[in-house]
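User: I have a model open and want to talk through its inside. Can you set the terms before we start?

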Amino acid sequence: MPTTAIAHPNIALLKYWGKQDGPGNRPATPSLSITLDALTTTTTVEDADADALRLDGRPVRDAKIERTLADWRRDYAIGPLAISSHNNFPTAAGLASSASGFAALATAIDAHCGLGLSDGERSALARRGSGSAARSIHGGFVALAAPDWRGEPVLAPDAWPLAVVVAITASEPKAVSSTEGMDHSKTTSPYFAAWTAAADADFEAMKAAVAHRDFDALAELAEASCLKMHALMLSSRPPLIYWRGATVECLRAVRELRAGGCRAFATVDAGPQVKAVCEPQDAERVEAALKNVPGVVSTLRSGLGGGARVADS
Ligand code: DP6
């Protein structure tokens, strides 16, 4: 019998960029994210004679998934599997498909192979595939921090139901993966030490803003974290430039909206898409403004969603 799990991508409001040395794929800095509900990865696993992977219906080889399965098998009894995974959004275009992908895969394998993992253990397993996947195990606002580096729920999705508008400016896969990019920034950016030195204080400030549902403080901290991370990327040698022209125009449009009294802020990951976070009553206005920016190909809207789970059969 196959087992199916679903998981949603998350967007970091406090970014992780850079890894610790050693095994386990542990981030060098804490992070805090929101899990989305409208974007979904659905992954089905089934016993097979040999591992086989299909992504969005096509047979593929994926080195990261193969490496991760080999790593998981060092600790857990996981037999050969046919894995089929489907995203309802563009894969590998800076929309965190690896987060929902590894969260769904860890959840499906845990159930299918009877590993009996706790949420924390499942989060650690997902993290070994992709750091941000540790957070997609949970819904709503989620922290990922020392000492365990397992996703911890901070606030349920309905406790502060923010909306997210994603402006897609390009949909091809990024040229430099997060894993390579982080390593490159860690070894070449002159700002890396300053980034890690400020991370714990930034994390505490953002946790307080979330606990108080303080939108203005969250907006200021999230934009600062995003732009600081892109400063690291830009100051790497050679530089990592994930933005398109439209990315910058979207950032400007969101700042203009905010200056006009609209509660919205923007964040950008290792890709060209802009994610605007706002209060639900402003989502339509934010989406209209972003649609108007030249170079925006499409937009999509989401609320906050739940954690990774096994689908009802
Ligand atoms: C910019 O989790 O994709 O989205 O662990 O190498 O798979 P790997 O990296 P990944 O990196 C996420 C980077 C980010 C910021 C964040 O989500 O915290």
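Analyst: Cavity first. On a 1 Å grid over the protein atoms alone, a cavity is a set of points where a 1.4 Å probe fits but cannot get out; lining residues have an atom within 4 Å of a point. Grid points are joined across faces, edges and corners, and a volume is the space filled by probe spheres set on the points. This is a predicted model: local features need pLDDT of at least 70, side-chain atom pairs count only at pLDDT 80 or more, and totals for chains, interfaces and linings use all residues. Residues are numbered from 1 along each chain as its sequence is written, and side-chain values use heavy atoms, with hydrogens and water left out.

User: How many cavities of 30 Å³ or more does the search find?

Analyst: One, over the whole structure. About 60 Å³ of space lies in the largest cavity.

User: Which residues line the largest cavity?

Analyst: Leu14, Lys15, Thr29, Pro30, Trp195, Ala199, Asp202, Ser225 and Lys228. Helix 6 (192–211) and helix 7 (215–234) are the elements that give two or more residues to that lining. Helix 6 has the largest share, three residues. Helices (H or I, at least four residues) and strands (E, at least two) are DSSP runs, numbered from the N terminus.

User: And by class, what is in the lining of the largest cavity?

Analyst: Four nonpolar, two polar and three charged residues. Ala, Val, Leu, Ile, Met, Phe, Trp, Tyr, Cys and Pro count as nonpolar, Asp, Glu, Lys and Arg as charged, and the others, Gly among them, as polar.

User: Next, helix 5. Which of its residues are buried?

Analyst: Gly181, Met182 and Ser185, in a helix that spans residues 178–188. Buried means under 20% relative accessible area (1.4 Å probe, protein chains only).

User: Why do they line one face of the helix?

Analyst: Seen down the axis of helix 5, the buried residues fall within an arc of 100°, so they line one face. The arc is that of the directions from the helix axis to the C-beta atoms. Their cover includes helix 6 and helix 7.

User: Switching to Ala126. Buried or exposed?

Analyst: Buried, at a relative accessible area of 0%. Ala126 lies in helix 3 (residues 119–129).

User: What is Ala126 in contact with, leaving aside neighbours within four places in sequence?

Analyst: Trp72, Phe102, Ala103, Ala106, Ala133, Ala134 and Ile137. Contact means heavy atoms within 4.5 Å.

Technical notes: 1 Å grid on protein atoms, 1.4 Å probe; cavity = no way out; pocket = protein on both sides within 12 Å on 5 of 7 lines; lining within 4 Å. Buried < 20%, exposed > 50% of the residue type's maximum accessible area, 1.4 Å probe, protein only.
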